[in-house]
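Hi everyone, thanks for coming.

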Amino acid sequence: MRPLTVAQAVAAAAVATRLARGRDRPAPLQPGSSGPAAEPVSVVIPARDEEPRIEGCVAPLLADPVVREVIVVDDESRDGTAELAGRLGATVVAGAPLPDGWVGKQWALHQGVRAAAGPLVVLLDADTRPKTGLCAELAALLDAYDLVSAGPRFVCGGPAEQALHASLLATLVYRFGPIGPSATSPDRLLVNGQCLAFRKARMVEADGFARVRGHLTDDVALGRSLARDGWRVAFRDAGALLEVDMHESVADVWRQWGRSISLRDVTSAARQAGDLGVVWLTTALPLLRLAAGCPGPLDLALLAQRFLLLAALRESYARPGVGLVVSPLLDVAAAVRLTWSALLPARTWRGRRYGCAAVRPGGRPGRPVRSAAR
């Protein structure tokens with residue numbers, strides 16, 4: 001057991017260092033702190049079969065005074081997404097057929113950004129619920145940064161869904177640290193593709209979505225690729241201005257979020273092994289030893305640390321409840337799902353199946369190329 005305990009101590013030190021970076025977190029975005037945007041803001045929403053959720057995203061944006069246009073890119077939906085978005089007042093762009101080598105979301109965003117009229121572009125997923133003030137705050141940050149991402153508050157349908165979601169969220173915090181502080185390197189940078197903002201001219205020049213056209217973890221691939229080119233990237237807490245209802249059940253959390261939680265296609269095999277080791281040693285192993293009746297002092301300290309993290313995670317949920325409180329009890333299940341995602345990644349998304357290249361370990365986004373996008 002001694003070598004395992006030594007490894008656990010090393011992993012615990014790494015986690016403690018990452019969590020300590022939370023002391024330098026910038027203040028969360030708040031409504032009205034920056035005033036109206038000085039330049040027009042275009043919002044682009046990629047949508048495929050989003051009829052039940054599109055109104056909750058589009059309607060508040062159309063009422064936001066800083067938003068000059070809302071563009072919904074209909075990615076070959078098989079329901080009434082396009083018709084509903086048009087009736088609400090959005091500009092609907094009919095997505096062209098998906099070219100070879102592209103993942104659907106990147107292709108939709110590629111088209112939507114080029115259709116945008118404003119110099120500032122905000123990207124939102126159809127399952128987000130933006131509030132007035134979000135776009136103004138994102139626009140203000142573009143004076144200091146080139147790419148801005150925002151973390152929302154999550155809406156969960158019940159205690160079980162919230163418990164599993166919070167346990168999976170904790171694996172991200174243990175691997176990368178909290179939202180806000182700058183990443184230690186581009187290879188450890190995180191962004192949230194549900195909400196991104198940038199200047200249109202710079203993104204078109206960089207041909208960002210063509211770079212990451214084949215990645216299923218498109219948001220992190222994009223952020224890391226641009227950061228390597230010198231883009232200043234910010235990831236901010238915007239829970240007061242943005243909510244997201246991603247999943248319909250605990251099974252949906254397990255299947256859909258678990259699909260990409262390992263970040264396999266943007267992380268080297270060595271890094272993935274290290275990340276898995278950290279999660280198993282600091283969250284799952286203490287719980288297993290406690291269940292076996294033989295926890296050591298370090299196990300108890302790690303369990304205490306995990307429960308203390310709940311206070312910070314509370315701000316990540318629109319309605320934190322008993323599910324959040326019991327989420328550490330699912331840490332073994334979360335470690336299993338993370339391992340599964342790393343070793344046997346899913347390649348199906350939104351009714352489309354992609355090739356092995358979309359989940360190849362550690363694949364770095366390439367430079368823009370002449371392609372069907374041109």
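This is a predicted model: local features need pLDDT of at least 70, side-chain atom pairs count only at pLDDT 80 or more; totals for chains, interfaces and linings use all residues.

Helices (H or I, at least four residues) and strands (E, at least two) are DSSP runs, numbered from the N terminus. Residues are numbered from 1 along each chain as its sequence is written, and side-chain values use heavy atoms, with hydrogens and water left out.

Okay, find strand β6, residues 147-151. With β8 (residues 195-199), β6 pairs in the antiparallel sense over three bridges, and L147 has F198 as its bridge partner there. With β9 (residues 233-237), β6 pairs in the parallel sense over five bridges, and S149 stands opposite F235.

So is β6 buried or exposed? Five of its five residues are buried, and buried means under 20% relative accessible area, with exposed over 50% and partly exposed in between (1.4 Å probe, protein chains only). L147, S149 and G151 point one way, V148 and A150 the other.

There's also an open sheet of three strands with mixed pairing, in the order β5-β10-β7. β5 (128-130) and β7 (153-154) are at the edges with a single partner strand each, so one side of each has no neighbour in the sheet. β5 and β10 (residues 242-244) run antiparallel, joined by three bridges, with T128 opposite V244.

Next, the inside. A nonpolar core is a set of buried Ala, Val, Leu, Ile, Met, Phe, Trp, Tyr and Cys residues joined through side-chain atoms within 4.5 Å. The largest one here has 63 residues, and those with the most contacts inside it are V44, L123, L147, F198, M203 and F209. Helix α6 (residues 159-176) gives the most to this core, nine residues. Apart from it lies another core, of 34 residues, among them A90 and L124.

On to charges. A salt bridge is a side-chain nitrogen of Lys or Arg within 4 Å of a carboxyl oxygen of Asp or Glu. How many salt bridges does the structure hold? There are 21. One of them joins E50 and R350, with the closest N and O atoms 2.8 Å apart. This pair links distant parts of the chain, 300 residues apart. E50 counts as buried, at 5% relative accessibility, whereas R350 is partly exposed, at 32%.

Another salt bridge joins R153 and E315 (3.6 Å, N to O). R153 sits in strand β7 and E315 in the loop between α12 and α13, 162 residues apart. Then there's D187 with R228, at 2.7 Å, N to O. D187 lies in the loop between α6 and β8 and R228 in helix α9 (residues 218-228), so this pair ties together parts that are 41 residues apart in sequence. Salt bridges that share partners also join E50, R53, D127 and R350 into one network.

Key:
Two strands pair if DSSP finds at least two bridges between them.
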